[in-house]
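The sequence and the structure come first.

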Amino acid sequence: MHARVAAATTVALLGGTVLILPGPHARAGAVRSTDPVIVSHRGASAYAPENTLAAIDKAAAMGFLWVENDVQRTKDGELVVLHDASLARTTDVEQLYPQRAPWKVKDFTAAEIARLDAGSWFGPRYAGARVPTLKQYMSRVSHNHQKLVLEIKNPQLYPGIEQQTLKLLSNEGWLDPAHLKSRLIVQSFSADSVRAVHDLRPGITTAFLGTPPIAQLPQYARFADQINSDHTSLSSDYVSAVHVLHGPHGRPMEVFAWTVNDATTARRVAGLGVAGIITNVPDVVQGALR
Ligand code: G3P
Ligand code: CA
């Protein structure tokens, strides 16, 4: 049996009946039997500007349900979707606000950020793309019938961002049982942030971003369903060490690997038994797995 499938299977004996319970990813409605789920990183970010609505539309047009994003907060408290702490790399902020270096997200209001062009840096056809608010983003993910790996980015800069994010997700209808079961994972590089999300809403599937030492994995299993690791840090032994643990929902823990952008690496991590592959080129990964 495929290693991941074996590890993601819980066997319970009920009066002599063997009950097979799939892991959280399968529970979340993964479109696969043994292949890892494919997650479009910052949207289909090799083909459209990262973390824009165009990037998730592109993923949807290519047939990919799962997208990943990065959530931060503006000076006046609006949640927005952007990867870097600074707006400089992916917008024209330096031209519009030349005196405001280093152009941190947290130093700009939502209205100021709404003026920025977040598409031209990627290519002229995306000129005018905007930095989406999380509310706008969730509306589009819902419209596209997609699923989301939401990353709380740089939470140390934004006290209370976990509670605020969950409130917005609730308002947008993303914390109902159907979404929790099949459409949402919340992750962060901050263990404190992942723990806070779990404590606030224990029903959410959570992931820690990183590769903690194997000896420390049981501590993470208290609040994280997944360990989502840089693919270069993964080995067969490490993935197996994650799989033998059970997360906060009593299911075997899983691994998503990032950021996998070539066929050889996709096949390698699939062979390790990861449950998910996060990629800028979902079509390349899909082709490799076929
Ligand atoms: O989802 C994993 C990946 O997004 C983590 O790295 O820097 O791209 O947010 P980063
Ligand atoms: Ca991310």
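The count comes to one cavity of 30 Å³ or more. A cavity here is a set of points on a 1 Å grid over the protein atoms alone where a 1.4 Å probe fits but cannot get out, and lining residues have an atom within 4 Å of a point. The largest cavity has a volume of about 50 Å³, a volume being the space filled by probe spheres set on the points. Its lining includes Glu-50, His-83, Arg-130 and Pro-132. By class, this lining has five nonpolar, four polar and two charged residues.

The model is predicted: local features need pLDDT of at least 70 and side-chain atom pairs pLDDT 80 or more, while totals for chains, interfaces and linings use all residues. Side-chain values use heavy atoms, without hydrogens and water.

Among the residues around ligand 1 are His-41, Arg-42, Glu-68, Asp-70 and Lys-153; such residues have a heavy atom within 4 Å of the ligand. This shell divides into four nonpolar, three polar and five charged residues. The table gives polar contacts, meaning pairs of N or O atoms within 3.5 Å.

| Side chain (N or O atom) | Distance to an oxygen atom of ligand 1 |
|---|---|
| Glu-68 | 2.7 Å |
| Asp-70 | 3.3 Å |
| Lys-153 | 2.7 Å |

Taken alone, ligand 1 exposes 290 Å², and the protein buries 91% of that. These areas come from the Shrake-Rupley method with a 1.4 Å probe.

Ligand 2 is a calcium ion, coordinated by Glu-68 (OE), Asp-70 (OD) and Glu-151 (OE) at 2.1 to 2.3 Å. Donors are N, O and S atoms within 2.8 Å of the metal (3.2 Å for Na, K and Ca), and sites may look incomplete because water is not among the atoms. In sequence, the donor residues are spaced E-x1-D-x80-E. Both Glu-68 and Asp-70 are buried, that is, under 20% relative accessible area.

Note on methods: Residues are numbered from 1 along each chain as its sequence is written. Chains are lettered from A and ligands numbered from 1 in the order in which they are written. On a 1 Å grid over the protein atoms alone, a cavity is a set of points where a 1.4 Å probe fits but cannot get out, and a pocket is an open set with protein on both sides within 12 Å along at least five of seven lines; lining residues have an atom within 4 Å of a point. Ala, Val, Leu, Ile, Met, Phe, Trp, Tyr, Cys and Pro count as nonpolar, Asp, Glu, Lys and Arg as charged, and the others, Gly among them, as polar. A polar contact is a pair of N or O atoms within 3.5 Å; within protein, one must be able to donate a hydrogen and the other to accept it, and residues adjacent in sequence count only if both atoms are side-chain atoms. Buried means under 20% relative accessible area, exposed over 50%, partly exposed in between (1.4 Å probe, protein chains only).
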